[in-house]
Amino acid sequence: MSYRTNKDNIYQEGTLITAHADPSLQLKIMKYYQRIYCCAVIGDPQRKHLAYFERELIRPVEA
């Protein structure tokens, strides 16, 4: 049986975030699908989108 979900995400689309792999790289969540976040690099629109699982992302700092 296939398990598909799009409503269990912690981060909403449009959230600015960073990843454990490169904390200095700012990312914007563009899409969430089947527990994978598709992120764009801020300031580099030509770069390919990066895919991350939730555990690979660092929570944004609340203001």
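User: How many disulfides does the structure hold, then?
Analyst: The structure holds 0 disulfides. Seen from Cys-39, the closest cysteine sulfur is that of Cys-38, at 6.7 Å, too far for a bond.

User: Is Cys-39 buried or exposed?
Analyst: Cys-39 is buried, with a relative accessible area of 0%. Cys-38 counts as partly exposed, at 26% relative accessibility. The cut-offs: buried is under 20% relative accessible area, exposed is over 50%, and partly exposed lies in between (1.4 Å probe, protein chains only).

User: Where do these values come from?
Analyst: This is a predicted model: local features need pLDDT of at least 70, side-chain atom pairs count only at pLDDT 80 or more, and totals for chains, interfaces and linings use all residues. Residues are numbered from 1 along each chain as its sequence is written, and side-chain values use heavy atoms, with hydrogens and water left out.

User: What is the mean pLDDT of the protein?
Analyst: The mean is 87, and 84% of the residues reach 70 or more. pLDDT is the predictor's confidence in each residue, from 0 to 100.

User: Which element has the lowest mean pLDDT?
Analyst: That is β2, at 93, while β4 has the highest, at 96. Helices (H or I, at least four residues) and strands (E, at least two) are DSSP runs, numbered from the N terminus.

User: New topic: the sheet. What is the strand order?
Analyst: The open sheet has 5 strands, ordered β4-β3-β2-β1-β5, with antiparallel pairing. β4 (50–53) and β5 are the edge strands, each pairing on one side only. Two strands pair if DSSP finds at least two bridges between them.

User: How many bridges join β1 to β2?
Analyst: 3 bridges join β1 (residues 16–19) to β2 (residues 22–33), and these strands run antiparallel. They form a hairpin with 2 residues between them. In β2, Asp-22 is the bridge partner of Ala-19, and Leu-27 is that of Ile-17.

User: And which residue in β5 is the bridge partner of Thr-18?
Analyst: Ile-58. β1 and β5 (residues 57–58) pair in the antiparallel sense over 2 bridges.

How values were computed: A disulfide is a pair of cysteine sulfur atoms within 2.5 Å.
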